[in-house]
Amino acid sequence: MEALTSSQDGTELSADTILELLANRRRRYLLYALRGHEDPIELSTLAEQVAGWEHDVPPEEVAKNEYKSVYVSSVQCHVPKLADAGVVDHDEDNHTVVLGSNFDQLEPYLRVVVKDEPENSTLHAALERESGDGLLGRVRENVARLKH
């Protein structure tokens, strides 16, 4: 059994790396889906959730080709890029992913870019359902503080 892979655990991420990781919407969606989960999640489950958010439908209504597109790009591109930065840990044998030690460095920026996600969408509704100290709640608190 291969251990979870992450090549930059505990290293400081550069601004360029952070911006590159968050520049892609699909990677942001993967991170949104992983937030709040301590246990590894199967890539297939993540791909269904991300495809649902991308097409603004519940995960169970995602077309097979839409799911496959998300799954393949996640396996071949997005998860390895996040794992190389230590933002996620990827168990290639079990096809699972969990947030890595470097996610904490990325989260403040993820809170900023969430403001650009579609407001009347299944993604927005999912983020809104998070607890009061969830992602959107913290964004609103920060915006309120800036206005005063």
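This is a predicted model: local features need pLDDT of at least 70, side-chain atom pairs count only at pLDDT 80 or more; totals for chains, interfaces and linings use all residues.
Three strands form an open sheet in the order 1-3-2, with antiparallel pairing. Strand 1 (41-42) and strand 2 (88-91) stand at the edges. Each has a single partner strand, so one side of each is left without a neighbour in the sheet.

Strand 2 pairs with strand 3 (residues 96-99) over 4 bridges, in the antiparallel sense. V88 has L99 as its bridge partner in strand 3. For H90, the bridge partner in strand 3 is V97. The hairpin of strand 2 and strand 3 has 4 residues between the strands. In this hairpin, H95 takes a positive phi near 55 degrees.

Strand 1 and strand 3 also run antiparallel, joined by 2 bridges. E42 has T96 as its bridge partner in strand 3.

Helix 2 (residues 25-34) lies across strand 1, strand 2 and strand 3. It runs at about 80 degrees to strand 3.

Helix 5 spans residues 103-113. Its residues F103, L106, E107 and L110 are buried. Seen down the axis of helix 5, the buried residues fall within an arc of 115 degrees, so they line one face of the helix.

## Salt bridges

Side chains of opposite charge can pair when their charged atoms come close. A search of the whole structure finds 3 salt bridges.

E20 forms a salt bridge with K81, and their closest N and O atoms are 2.6 Å apart. E20 lies in helix 1 (residues 15-22) and K81 in helix 4 (residues 64-84), so the pair ties together parts that are 61 residues apart in sequence. E20 is partly exposed, with a relative accessible area of 42%. K81 is partly exposed too, at 29%.

E54 and R26 meet through their side chains in a salt bridge (2.6 Å, N to O). E54 sits in helix 3 (residues 43-55) and R26 in helix 2, so this pair links distant parts of the chain, 28 residues apart. E54 counts as partly exposed at 27% relative accessibility. R26 is buried, with a relative accessible area of 16%.

The side chains of R35 and E107 also meet in a salt bridge (2.8 Å, N to O). R35 lies in the loop between helix 2 and strand 1, and E107 in helix 5, so the pair ties together parts that are 72 residues apart in sequence. R35 counts as buried at 12% relative accessibility. E107 counts as buried at 13%.

Technical notes:
Residues are numbered from 1 along each chain as its sequence is written. Side-chain values use heavy atoms; hydrogens and water are left out. Two strands pair if DSSP finds at least two bridges between them. Contact means heavy atoms within 4.5 Å. Axes are lines fitted to C-alpha atoms, for helices over the stretch in contact, and angles run from 0 to 180 degrees between N-to-C directions. Buried means under 20% relative accessible area, exposed over 50%, partly exposed in between (1.4 Å probe, protein chains only). The arc is that of the directions from the helix axis to the C-beta atoms. A salt bridge is a side-chain nitrogen of Lys or Arg within 4 Å of a carboxyl oxygen of Asp or Glu.
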